[in-house]
Structure formats: C-alpha cells, structure tokens
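Dear colleague,

I am handing over the structure below, and I would be grateful if you could look through it before reading my notes.

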Amino acid sequence: RPTSSAVPCAIVGTYEQLEPAGAICYQDKQVGLFACCPCGCGEIMHLPFKGADGRGWTWDGDVPYPTLAPSIRRPSGCKWHGHLISGTWQPSGDSGR
C-alpha cells in the first residue's frame, strides 16, 4: 500500500538508479529533476525547473536538501500530492484523492 508518511529524498546519480520511493536525480541543475514517486507506487515523475515561459517548479538551489514550489500533484495513477521541502517529501492531506 502506498505510504502517506513523510519520506526523505535520496539523491542518486542516474535515471536508471531511481529507487527507493522518493529518490531523485538531477536532469541538469539548470533544467529539472526526475523523482521516484514518494508514495511507493514506483512511477517516475519529471519535475522541470521554472523557465522563461513561467512553467515548472521553483528550486531553491540546495542540491542535497532541495525545496520545490509550488506543490507537486500527480493527477493520475496514485494521485500523490505534496511538497518537497528541505529534502523531505511531505504529503498533503488530500494526497491519493
């Protein structure tokens, strides 16, 4: 069953190494990151950093303990919703709905 608890992110070197739940790898520190969904479903998310077009997530620049804003919502599949704050995935109360 998918977790609804806070999960620390683990930084891995490549996309192929994205495990366990919550693991991340930087696509490029100027472009975005990939993450293994923190709920435990095993799906991979691509989270692009905000570009000139205004789309994407704002990253605080902290490589080992990243914070992204705004919240991250998976509209399909497990429907996880939450935040990545200081290197910890924190589910919102409506996660999974």
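Predicted model: local features only at pLDDT ≥ 70, side-chain atom pairs only at ≥ 80, totals over all residues.

The structure holds zero disulfides. C36, to begin with, takes part in no disulfide, and the nearest cysteine sulfur to it, which belongs to C41, lies 7.1 Å away. C37 is likewise in no disulfide, although here the nearest cysteine sulfur, that of C78, is 3.6 Å away.

Turning to the strands, I looked at β7, β8 and β9. Strand β7, made of residues 72-73, pairs with strand β8, residues 81-85, in the antiparallel sense and over two bridges; within this pairing, R73 stands opposite H81 of β8. On to the next pairing: β8 also pairs with strand β9, residues 88-91, again in the antiparallel sense, over four bridges, and there H83 is the residue that stands opposite Q90 of β9.

The hairpin formed by β8 and β9 has two residues between its strands, and in it S86 takes a positive phi near 50°. S86 is a residue other than glycine, and its place is in the loop between β8 and β9. With a relative accessible area of 45%, S86 is partly exposed, because that class covers values between 20% and 50%.

A second residue with a positive phi is K79, which is not a glycine either and whose phi is near 65°. K79 sits in the loop between β7 and β8, and its relative accessibility of 30% is why it counts as partly exposed.

Finally, which residues are joined by a cis peptide bond with omega of about 0°? E19 and P20 are joined in this way, and P20 has its place in the loop that runs between β1 (7-8) and β2 (24-28). A69 and P70 are also joined by a cis peptide bond, with omega of about 0°, and P70 is found in the loop between β6 (68-69) and β7.

With kind regards

How values were computed: Residues numbered from 1 in each chain as written. Heavy atoms only, no water. Pairing = 2+ DSSP bridges. Buried < 20%, exposed > 50% of the residue type's maximum accessible area, 1.4 Å probe, protein only. Disulfide = S-S within 2.5 Å.
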